[in-house]
Amino acid sequence: MRTYDAVVVGAGQAGLSASYHLRRLGLDHVVLDADAAPGGAWQHRWDSLTMHDVHGVAALPDSVPPADGSGRANVVVPAYFAAYERAHALPVVRPVAVDRVEDGPGGLLVVRAGDRSWTTRTLVNASGTWRQPFAPHYPGVETFAGEQWHTVAFPGAEHFRGTRVVVVGGGASAVQHLGELAPVTETLWVTRREPVWRTDDFTSDRGREAVALVEERVRRGLPPTSVVSVTGLALRAQEQEAARLGAYERHPMFRAVEPGGVRMPDGSFEPAGAILWATGFRPAVAHLAPLRLRSEHGGITLDGTSAVADPRVQLVGYGPSASTIGANRAGRAAARAVQRHLAVTRAGTTDGRVQTRSSAASS
């Protein structure tokens, strides 16, 4: 039975970066990707999202980023990822939807997907968030007679022409959706908290400060927040028409949903034919549940990219590395952490930070 040095779960930006660095370090590994084609979550983004909208994508290691600034993101980025996999001969196997990761004999890990399994000394989890959309529950939501959509399946603004849309959420996706919707139909924007608008230029220092705040959360074992929740929101040029139309006049979160609309906190009724939940995503880590990585605070405590509860496991694209630049850096850090862990365990060391769970139990 083949035992890998590492199994990487997910072939998005973080997974490909990790695979590149694992290969450079000479570590035997495989990348398991749930999608049938390259592109990670980008291949599932809505058609109207262009590369200009996302301000480009950071270059994967030892490559040049996509140059097409106006093309559809769900076409340009998957093509870039596919070419990168070929150019670097990365060992990606797809489609493989990992069900669970569990302890195996001798301190190894077993990665299972249906009736298939892979045995490995370490795991690099790069499963991202796209497969775990989040929508909060409000009283009466199941009675709504109109359509309900989440960002994960946004069909484009034209689909809603003539339909009043309640857009829920205070993040960048909500701002983008309003920018597209307001010129073609009536909208109502609701959030639980007042949105935080960025009034100054976004600098690299501001970016580092934001990432540091998210890093602090995962070091404490708290569920990660998005970086944009720290950096604040800003309107792009293409959203100025929506701003002129009043789309960014924020309203407090409704208290209930009714068949024809939503009931506001003051008791007033707002009619609507559709609700668009731009309420974000949660880390897709259910397959890691058998390893019991979560802290009492509900998140996975990290030391760098290493899971404190089990240093065989690296998490990339999680928390502070959930951006294209952060994913690249995390991929390199994870590969180096894998190399260090393997070196120590092969030497028979049981240092408190790098020992496997099985060796810790026997010491």
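P95 sits in the loop that runs between β3 (92-93) and β4 (100-103), and a cis peptide bond, with omega at about -10°, links this proline to R94. Bear in mind as you look around that this is a predicted model. The chain has an average pLDDT of 88, and 84% of its residues score at least 70.

**Backbone features to look at**

- Most peptide bonds are trans, and most residues other than glycine have a negative phi.
- The R94 to P95 bond is cis, and two non-glycine residues, D62 and A89, have a positive phi.
- For D62, phi is about 60°; you will find D62 in the loop between β2 (29-32) and α2 (73-87).
- D62 is exposed, as its relative accessible area is 57%.
- For A89, phi is near 50°, and this alanine belongs to the loop between α2 and β3.
- A89 is partly exposed, with a relative accessibility of 45%.

**The nonpolar cores**

- The largest nonpolar core is made of 51 residues, and L16 and V167 have the most contacts inside it.
- Helices that each give at least two residues to this core include α1 (13-24), α2, α3 (172-181) and α7 (324-346).
- Strands β1 (3-9), β8 (165-168) and β14 (274-277) also supply at least two residues each.
- Which residues does L16 touch, once neighbours within four places in sequence are set aside? The contacts of L16 are A11, L60, F81, Y84, E85, L90 and V92.
- Another core, of 23 residues, lies apart from the largest one; L109, W118, I300 and L302 are among its members.

**Helix α3**

- Is α3 mostly covered or mostly uncovered? Mostly covered: seven of the 10 residues in α3 are buried.
- The buried residues of α3 are A174, V175, Q176, H177, L178, G179 and L181.

**Where to be careful**

- Residues 349-363 have a pLDDT that stays under 50.
- For this stretch, the model has 26 contacts beyond four places in sequence.
- Where pLDDT is low, the predicted coordinates should not be read in detail.

Terms used:
Residues numbered from 1 in each chain as written. Predicted model: local features only at pLDDT ≥ 70, side-chain atom pairs only at ≥ 80, totals over all residues. Heavy atoms only, no water. pLDDT = per-residue confidence, 0-100. Contact = heavy atoms within 4.5 Å. Helix = DSSP H or I, 4+ residues; strand = E, 2+ residues; numbered from the N terminus. Buried < 20%, exposed > 50% of the residue type's maximum accessible area, 1.4 Å probe, protein only. Core = buried A, V, L, I, M, F, W, Y, C linked by side-chain atoms within 4.5 Å.
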